[in-house]
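Colleague: I am new to this structure. Could you walk me through how to read it?

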Amino acid sequence: MILFFLAFAAFFFVALLVLISTIGITLASLVTLFSAPAQFRRILRDRQLRRNHALEHATINVIEERYGPSRLAGLADHDGFTIQGGATPDLVASATQEALDRLRAGERKLAIHPRCGTSLIAAQLVLAIVFLATVVLLHQLSWIAFAAGLLAAIVLGPRLSLILQRFITTDARIGDLSITSVEVTRPVGKMGLFSMVVLGPICVHTAQGSGPATRKRTEPRAKPVQGDVTLITGDREEIPAGGYRVR
Ligand SMILES: [Zn+2]
């Protein structure tokens with residue numbers, strides 16, 4: 001009797017959890033439906049950010065080509081990108097250089113990565129649109145609308161992500177983008193000996209040459225020489241590393 005009661009309670013708890021998380025995911029997706037256009041407009045206006053995002057994906061793709069699937073995560077901004085998840089600075093430096101060369105040679109596929117944050121936005125957009133469409137079609141809010149939204153997000157989300165990455169969130173035509181430095185940052189909250197064992201995020205700083213597309217918008221910078229990449233360790237030590245100058 002007690003076992004039966006426990007099983008029923010567990011089932012009820014799981015069902016409640018599924019219900020709450022489904023409603024939560026749907027609400028978050030509806031918010032994304034309204035916030036995404038502004039986000040996409042901001043990304044579209046910053047070509048250097050889109051190029052850095054392409055280079056970040058390409059770098060992780062190159063590392064995964066060499067060593068198989070990884071748990072690396074990247075984040076791009078206007079001035080470069082960071083790679084987190086345990087890759088060493090010399091690996092990131094050499095993979096970024098290879099990624100840059102291959103993108104420049106026209107290998108646009110490298111700029112697309114399935115684990116990109118765009119995939120979450122794509123799944124939420126599909127979910128919200130299908131959910132709203134089903135509610136309108138059925139003239140009522142029923143579990144069918146939630147289920148249809150979730151199913152569509154799982155099936156169509158990854159496809160939409162590829163399209164959004166290709167045309168909005170990355171730009172594989174990287175032009176004269178180049179690496180200026182690769183920096184190891186200290187892991188947040190880890191000090192002393194521990195920070196020597198756990199690598200912090202690795203920041204790859206990039207710069208755009210004086211190309212016509214960005215000449216007006218970016219500050220004039222020292223034009224980096226190809227292959228002359230400075231590696232900066234968290235402890236500001238000098239370590240020899242192949243062809244790279246390490247500071
Ligand atoms: Zn991404």
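**Reading the model**

Modeller: Start with one residue. Thr118 touches Ser161, Leu164, Gln165 and Thr169, leaving aside residues up to four places away in sequence. Keep in mind that this is a predicted model.

Colleague: Where is Thr118 found?

Modeller: Thr118 sits in helix α4.

Colleague: Is Thr118 buried or exposed?

Modeller: Count the C-beta neighbours; 20 or more within 10 Å means buried. Thr118 has 25 inside 10 Å, so it counts as buried.

Colleague: How far apart are Thr118 and Ser161 in sequence and in space?

Modeller: They are 43 residues apart in sequence. From C-alpha to C-alpha, the gap is 5.8 Å.

Colleague: Now helix pairs. How do I describe one?

Modeller: Two packed helices are described by the angle between their axes and the distance between the axes. Here, take α1 (residues 2-45) and α4 (residues 117-138): their axes come within 8 Å and cross at roughly 105 degrees. That makes α1 roughly perpendicular to α4.

Colleague: Which residues of α1 and α4 meet?

Modeller: From α1, they include Ile25, Ala28, Leu33 and Ala36. From α4, they include Ile121, Leu125, Ala128 and Phe131. By class, this contact has eleven nonpolar, four polar and no charged residues.

Colleague: What about the nonpolar cores?

Modeller: In soluble globular proteins, nonpolar side chains tend to be buried together. In this model, the largest nonpolar core has 30 residues. Those with the most contacts inside it are Leu55, Ala58, Val92, Ala99, Leu103 and Ile202.

Colleague: Which elements each supply at least two residues of this core?

Modeller: They are α2 (47-67), β2 (80-84), α3 (89-104), β3 (177-184) and β4 (202-208). The largest share, seven residues, comes from α2. Apart from this core lies another, of 14 residues, among them Ala128, Phe146, Ala152 and Leu164.

Colleague: What does Ala58 touch?

Modeller: Ala58 touches Ala99, Arg102, Leu103, Leu110 and Ala111, not counting residues up to four places away in sequence.

Colleague: How do I check the length of α3?

Modeller: The 16 residues of α3 should then span 22 Å, and its end C-alpha atoms are 22 Å apart, which agrees. Buried residues of α3 include Val92, Ala99 and Leu103. After α3 comes Gly106, with a positive phi near 100 degrees.

How values were computed: Residues numbered from 1 in each chain as written. Predicted model: local features only at pLDDT ≥ 70, side-chain atom pairs only at ≥ 80, totals over all residues. Core = buried A, V, L, I, M, F, W, Y, C linked by C-beta atoms within 7 Å. Buried ≥ 20, exposed ≤ 12 C-beta atoms within 10 Å, placed from the backbone. Helix = DSSP H or I, 4+ residues; strand = E, 2+ residues; numbered from the N terminus. Contact = placed C-beta atoms within 7 Å. Expected span 1.5 Å × (residues − 1). Axes fitted to C-alpha atoms, helices over the stretch in contact; angles between N-to-C directions. Parallel < 35°, antiparallel > 145°, perpendicular 65-115°, else oblique. Nonpolar A, V, L, I, M, F, W, Y, C, P; charged D, E, K, R; others polar.
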